Every structure is written in structure tokens, then in C-alpha cells.
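Here's a guided walk through one model, strand by strand and then out to the ligand. Keep the viewer open and follow along.

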Amino acid sequence: MSKYKLIFFPYRGRGELVRLTFMAAGVEYDEEIIEKKEWPKFKSKMPTEQLPVLEVDGRRLAQSLAITRYLAREFGLAGQGNLGQCLVDMVVDTAADAFKEYLKYHNETDEDKKAELQKKVVAEITPQFARIFQNLLENNDGTNDCFVGSSLTLADLAFYEVFTHFLGHNSEALKDFPKLAANRKMVEENKNLKQYLTNRYDSIINPRRLQQPQRHAHISLSSMSTYKLIYFDARARAELIRLVFAAAGQTYTDEIVNDTEWPALKPKMPTGQLPVLEVDGKQLSQSLAIARYLAREFDMAGQGNLEQCLVDQVVETAADGFNEFYEYYKLNEQEKDTDKKEELKKAFVSDAVPKFARIFTTFIENSGGKNGYFVGAKLTIADMACHDIFTTFLLLNPDALNDFPKLAANRQKVEENEKIKEYIAKRPENSI
Ligand SMILES: N[C@@H](CCC(=O)N[C@@H](CS)C(=O)NCC(=O)O)C(=O)O
């Protein structure tokens, strides 16, 4: 039995889903609480310079969602089989999107703007996400009030946690969504969670060990599926999926939607966004849930649970990189003054780009990869995710990898893959 230590701040935030996963599984863990004033001392010692971090038998893992999925797989809460895992992941990633929206309100320091954002949370964001979650709940074939399958999974915990924030601003928010309300009740009545949920505070409660985790057998889907990817004319959030298809030599339909077509299509998509992947006609959403699903299908997700988490932390960090890039990109698009545009670019290139290069270098040095790969001795989505985000960064600064030889070598390794090479040579050149 592994020994776990969660390192996080004294509040719920991005650490709470990790705690809920331990609690639901009834698995004991230690917690090291870092007070904000102590944080500067620790920051540079953490793999991504952020928390939460989970120590598993002394080994440090980063990225809250990579950690939670790792634990969920370990404890049988990740969904049954590869498709089941993707259905869970779709909900978990949607909860992460919802939390990100909530944080805009939460982190605002100007009181007037905060009041405006709170109104937006109640009037727009909460009902919008309630609709999306209801859609996911109805289409995932869950029973016993669960999002996926017939027993509690990470999907139920993730929805529970984010809607706890929303319900704190409008306790009636789920009045018109009885299935979601029933799902929350199911979570609250779970015997492992009940006591914790009624007693938890914004600060930490140390959990007690209750029972051994259960493990599920994995059921593999047929590899004869037909695939249709639906996205816009961009790399952005679909490119990792395309790279996985390319590396696997798997044919698929790449359907490109333009701005005129999108409004009519939007309401037909599970989360109202793209990319969506249709697998034998079934719609899957959330780019990273899809990429991981395909990577597991084509054996590019890492061998075993720990390797999958090591891969996942790279993939999640690349997604953080994209999100930061996208914030910059939108500001830059809005800015008309060329000098100011140049300043924005300079700031991004000198701060964000080297920061991510440093973090990826730490990962490549510590993830046990061989032959220049991030993890294991062959290509995984970790290599492809880093390659893709640096395709974008290198367009801004062609020298971005000069001081990071291990990343440059890894990039070359990806490009030496014959199938990827062929794909990259043919793909359209997009700045995003
Ligand atoms: N977390 C989601 C975010 C998806 C997302 O933001 N999609 C954008 C394109 S990159 C979109 O569909 N925008 C159009 C819209 O929201 O109407 C994912 O990774 O799939």
C-alpha cells in the first residue's frame, strides 16, 4: 500500500477534489498545509511551481487533475473501461472549465467589478453549466443517480465540488435540474463522504482511513471504430488529438467548422463547444478527455497508472501553457497599437515561454523517460503535447528552446516519427 502526502494550502480550491477522492475511497493520507506566507520558500521546489502536489512514496506528482485521475484509477473511481473513463473525464474537465469561470469572480480584487462578476456567476454561468452538466448526465447512461456507470466516480465528485461554489451564491440554482440535485444527494449520502462533507471547512480536516480501495478490470473497446473530429480551422485544442491519430496511423474525418456554420451547430454539441469527437456516432467532448481516451486506445498514454499520471502532468501543463497563450492572444488581437502589441508579445515571450520550458525540463529529467522521451521508452501524448504547445511558442520566438537542449532533443524525436513527420509536412500553417 502506497504512502500518500498531499501538499496544499489551507482551503478547498484545486486540492479539494484530491481530498474528496481519498475520502470517497476511504484511503488514509497525510496532508502538509502550506500557509500563503510560507509559499515563496517552497515554490521553486515544486515540479510546476504550483500546488497541489501529491507525494506517492516520496515521489512528487503535480497537476491537480493528473493527480486526481491517477488516484481515481488506483481506487476504482475513474470509470469502467476506456470509454467509461472518457465519459468521466468529460465531466471532470467541464467542472474544471466551470471552476476557471468561477475563479474570475473569486480572484477579482476590485469590489465593483467583483459585484458585477458575482451577478454574472448567478445569472449566466451557473445556469449555463447546469444545462451542460444535465446534458452530460442524460447522455452518459449512468444509473443510480450517477453521472457514469452505476456507482460513484470522479465525475460525481467533480460536479459536486464545483457546484458547491455556485450554490453558495444561489441555493436554488438546481431547482429546475432535479437530476443534478439527485446526483448531489447521492454524493452527500455516500457512506465514506457523509461525515466529511457535513464537517468540512475552508480549512483542512484530516481524514481517517476507512476501507481498502476496490479495483476494476479494464474492458477494451473494439479498435475498429470510425472517428470524426469536429473543430475549427486551427490547431489550438484539437491538435493533440490530430497528432495522436497521426502517430497511430488511424484514419478519421477531420471536419472543419467555419464561423458561419458554428451558431447552428453549437446547441447540438454536448458542452456547446469544440472539439467533439464522434466515435461510431457517439459524441465525446473535452479535448483532453478525448486525447487521453485515444492515447489509451492506441497505447500512447503510458504504461500503468503511475506512468499515466507522469504523462498526464505534462499534458495538463501544456494545457495551462495554451490557456496562458490564449489569454495573451486575445489581448493581442484586441490591441490596435503596434507598439503595445509588441510589448504584450515581449512580455509573453520573456516570462511565460521560459517558465514552461523550465517546467517541462524538470518533467523530462524526473519522469524516468528513456531515449529522449518524457515517460517510458516510446512516444506518448506527453511528447506530443509539449511539441504542440512549443510549435506555438516557437512561432513567437524561434530561439525559445536554445537554452533547453533536452526539450529541443525531445522535439526532434517527435519529428523523427515517420507518421508524425508526414502529417506535420501536410498540415496547414496556423498561428494558433
Ligand atoms: N475545456 C474545453 C474547452 C473547449 C473550448 O474552449 N472550445 C472553444 C474553441 S478552442 C469553442 O468551442 N469556442 C466556441 C464557443 O464557445 O462557442 C476543451 O478542452 O475541449
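How many bridges join strand β3 to strand β4? Four of them do, linking residues 53-56 of β3 to residues 59-62 of β4, and the two strands run antiparallel. Before going further, a word on what you're looking at: this is a predicted model, where local features need pLDDT of at least 70, side-chain atom pairs count only at pLDDT 80 or more, and totals for chains, interfaces and linings use all residues. Residues are numbered from 1 along each chain as its sequence is written.

Two strands count as paired if DSSP finds at least two bridges between them.

Back to β3 and β4: they make a hairpin with two residues between them. Val-56 has Arg-59 in β4 as its bridge partner, and in the turn Asp-57 has a positive phi of about 50°.

Now look at the chain as a whole. It is divided into domain 1 (4-74), domain 2 (81-199), domain 3 (227-297) and domain 4 (304-426), with bounds that come from an automatic or database domain assignment. If you want a distance to check, the C-alpha centres of domain 1 and domain 3 lie 31 Å apart.

Next comes an open sheet of four strands, in the order β6-β5-β7-β8, with mixed pairing. β6 (253-256) and β8 (282-285) stand at the edges with a single partner strand each, so one side of each has no neighbour in the sheet. From one strand to the next the twist averages 25°, using axes that are lines fitted to C-alpha atoms (for helices over the stretch in contact) and angles that run from 0 to 180 degrees between N-to-C directions.

Inside that sheet, β5 (residues 227-231) pairs with β7 (residues 276-279) in the antiparallel sense over four bridges. Val-276 in β7 is a handy landmark: Ile-230 stands opposite Val-276, and Ser-285 in β8 is the bridge partner of Val-276. β7 and β8 run antiparallel, joined by four bridges. They form a hairpin with two residues between them, and Asp-280 in the turn has a positive phi of about 50°.

Finally, the ligand. The residues around it include Asp-93, Asp-97, Arg-237, Lys-266 and Ser-287, where a residue counts as near if its C-beta atom, placed from the backbone, lies within 6 Å. Helices α4 (81-106) and α11 (287-297) are the elements that give two or more residues to this shell.
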